Amino acid sequence: MTRRSQSPSPGRPPGFIYHKNRRGILRRGQSLIFHCDDVPLPKLAEKYGTPLYVYSASMIRERYVTFDDAFREIPHTICYSVKANSNLSILRLLARHGCGFDVVSGGELERVLAADRKAARRVVFSGVGKTREEMNAALKAGILLFNVESESELWVLAECAARLRTQAPLALRVNPDVAAETHPYISTGLHKHKFGVPIRNARALYAQASGAKSLRVAGVSVHIGSQITDVAPFGEALARVAELVRDLRADGHTIEYIDAGGGLGIAYEKPDPNGFSKDVTDYARALAEPLRGLGVHLLLEPGRSIVGPAGALITSVVYRKANDGKRFLVVDAAMNDMIRPALYSAYHEIVPVLLGENDGKPELVDVVGPVCESGDFFARDRELPPVEEAALLAILDAGAYGMALASNYNTRPRPTEVMVSGKSVKVIRRRERVSDLMRPEV
Ligand code: LLP
C-alpha cells in the first residue's frame with residue numbers, strides 16, 4: 001500500500017485523508033498526517049483547541065450534488081433535514097445550491113430563515129407536536145408543506161390558517177407499518193410508534209381536511225426511520241403510499257407531492273468501496289419504481305447521508321490509564337459533545353491524527369471521556385495503534401447528530417466548529433465559555 005495518501009479505512013471518501021508529511025513537522029518515525037481537505041488537522045487543533053468539530057465543505061457539497069443527481073429523472077426537491085446539523089453556515093452552503101429544508105421546530109425554521117429567507121418556499125415542517133406559535137410562524141413565512149401527524153393537529157392548523165386568512169398546504173404523514181432494520185430509538189414506521197396516522201385511516205382524514213377552507217391538501221408524506229441501509233423497506237413504504245395517492249385522487253383530491261422522508265443510512269463500520277454514489281443510486285431506484293406513472297413531485301428529507309461523513313470530532317488524549325490490565329484512553333471530548341455511542345451504542349471509526357511507520361503493535365483500548373458516567377465512551381475494546389498522552393484522535397462520521405445533540409452536561413462548553421474548504425478554514429461556531437452557559441441563570 002502506498003503511504004503517500006491513505007484513507008483511514010478502504011472505501012472512505014477523500015474529505016478526510018492521510019497525507020504524507022511534507023515539511024518535516026513530525027517527529028522521527030511519524031509519517032502520515034490526517035487532513036480535512038488540504039488542511040492538516042494538527043494545525044487546526046493547535047489554533048482552535050480540542051475538542052473540535054471539523055467539517056469539509058467540499059464533501060457536503062459533493063454529497064448534496066450526488067444525491068440530487070441520483071434523482072435527476074424524477075421531478076424532486078431535496079429538503080435537507082436540519083436536525084442532523086443545524087449550523088447556519090451549513091444551511092447557507094446548502095441553500096446556495098438550491099436545497100430545501102425539513103424542519104421540526106420553530107427554532108429550526110428560524111435558523112433556515114436566518115440562513116436564507118427565500119428558502120422558506122422550499123421548507124417542509126414535520127413533527128408530532130407542532131404548537132400554534134410554530135404553525136403561525138411557518139404560515140407567515142409561506143412554507144411549502146406541513147406534514148401533519150394527527151387529527152388534532154389538522155384542526156389546530158386549520159384554525160391558525162383561518163385566523164391568518166390564508167390556506168395551509170398539507171400532507172398527512174402516514175404510518176405505512178413497514179419494518180426497517182435500525183436502532184429501536186430511530187425506527188418510526190410501525191404502528192406502535194408515535195409518528196403519523198395509520199395508513200388505513202388516511203382516506204377518511206383527507207376527506208375531512210378537504211372540507212376545511214383554510215386547508216389545502218397537497219401531498220402524502222412518510223418517514224420510516226433513520227440509519228436504514230437496506231433500501232427495500234423504502235420501496236415498500238412508497239408502494240403503499242403510491243396506492244394511497246391513487247385512492248385519494250379517485251376521491252377527488254389533488255396530490256402534487258409525495259414526501260419520502262429521510263433515513264438513508266451511511267456505512268459507519270465498513271465503508272463500501274463503491275461509496276455513496278452507489279448507495280444513493282440504489283435508493284433512488286427503490287423509490288422511483290413505485291412512483292412510475294404517478295406524476296408527482298418527490299420531496300426528500302436526507303440528513304445524515306448528506307453531512308454525516310463530512311464531519312469529524314478531533315480530541316486529545318488527556319491520560320492513558322490501565323485498570324487490572326484493561327487499557328483506557330481518557331480524551332478531552334465526552335458524551336456531551338457526541339452522544340451517539342452512549343445513546344445508541346453507535347460505532348464510530350477512530351483514527352490517530354498522526355500515524356507512524358513504526359508505531360508498534362495495535363492495542364485494545366476503551367476510548368472514554370471525562371464525564372462522570374460509565375456510558376461516557378466513544379469506543380470499547382477498540383484496536384488502535386498505540387498513542388501517547390497529548391496525541392490527537394479523530395472520531396469520524398461525526399457530521400450528523402454530533403454537535404446537533406451536544407449538551408452542556410457537567411458544565412462543559414460545547415466545542416468550536418470549523419468548516420474547511422480546500423485550503424481555507426472558517427470558524428462557524430466559536431467555543432462556548434462557561435459564562436455563556438451561566439448567562440440565562442438568575
Ligand atoms: N425526516 C424526518 C421526519 C425525520 O424524523 C428524520 C430523522 C429525518 C427526515 C432525517 O433522517 P436521516 O436522513 O438523517 O436519517 N439522533 C439519531 C437520528 C435521529 C433521526 C430522527 N429523525 C442518530 O444519531 O442516529
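Which residues line the second largest cavity? In this predicted model, the lining consists of Val222, Ile224, Phe234, Ala237, Leu238, Ala260 and Leu287. The volume of the second largest cavity is about 30 Å³, and two cavities of 30 Å³ or more are counted in the model. Helix H8 is the element that gives the most to the lining, with three residues. By class, the lining of the second largest cavity comprises seven nonpolar residues, with no polar and no charged ones.

Helix H8 spans residues 232-250 and packs against helix H9, which spans residues 275-291. The axes of H8 and H9 lie 8 Å apart, at an angle of about 25°. Angles under 35 degrees count as roughly parallel, and H8 and H9 are therefore roughly parallel to each other. The crossing of the pair H8 and H9 is right-handed. On the H8 side, the contact is made by Phe234, Gly235, Leu238, Ala239, Ala242 and Arg246. On the H9 side, the contributing residues are Tyr283, Ala286, Leu287, Pro290 and Leu291. Nine of the residues in the contact of H8 with H9 are nonpolar, one is polar and one is charged. Phe234, Leu238 and Leu287 take part in this helix contact and are also among the residues that line the second largest cavity.

Helix H8 also meets helix H7. The axes of H7 and H8 come within 11 Å and cross at roughly 40°. H7 and H8 are therefore oblique to each other. H7 passes H8 in a crossing that is right-handed. The residues that meet here are Ala202, Arg203 and Tyr206 from H7 and Leu244, Asp247 and Leu248 from H8. The contact of H7 with H8 divides by class into four nonpolar, no polar and two charged residues.

As H6 passes H7, the crossing is right-handed. Glu151, Leu154 and Trp155 of H6 meet Leu205, Gln208 and Ala209 of H7. In the contact of H6 with H7, four residues are nonpolar, one is polar and one is charged.

The peptide bond that runs from Thr50 to Pro51 is cis, with omega near -5°. Pro51 belongs to the loop between helix H1 (41-48) and strand E5 (52-56). Asp324 is not a glycine, yet its phi is positive, at about 50°. The loop that holds Asp324 lies between strand E15 (311-323) and strand E16 (326-331).

Technical notes: Residues are numbered from 1 along each chain as its sequence is written. This is a predicted model: local features need pLDDT of at least 70, side-chain atom pairs count only at pLDDT 80 or more; totals for chains, interfaces and linings use all residues. Side-chain values use heavy atoms; hydrogens and water are left out. Axes are lines fitted to C-alpha atoms, for helices over the stretch in contact, and angles run from 0 to 180 degrees between N-to-C directions. Helices (H or I, at least four residues) and strands (E, at least two) are DSSP runs, numbered from the N terminus. Angles under 35 degrees count as roughly parallel, over 145 as roughly antiparallel, 65 to 115 as roughly perpendicular and the rest as oblique. A crossing is left-handed if the near helix is turned anticlockwise from the far one by less than a right angle, and right-handed if clockwise. Contact means heavy atoms within 4.5 Å. Ala, Val, Leu, Ile, Met, Phe, Trp, Tyr, Cys and Pro count as nonpolar, Asp, Glu, Lys and Arg as charged, and the others, Gly among them, as polar. On a 1 Å grid over the protein atoms alone, a cavity is a set of points where a 1.4 Å probe fits but cannot get out, and a pocket is an open set with protein on both sides within 12 Å along at least five of seven lines; lining residues have an atom within 4 Å of a point. Grid points are joined across faces, edges and corners, and a volume is the space filled by probe spheres set on the points.
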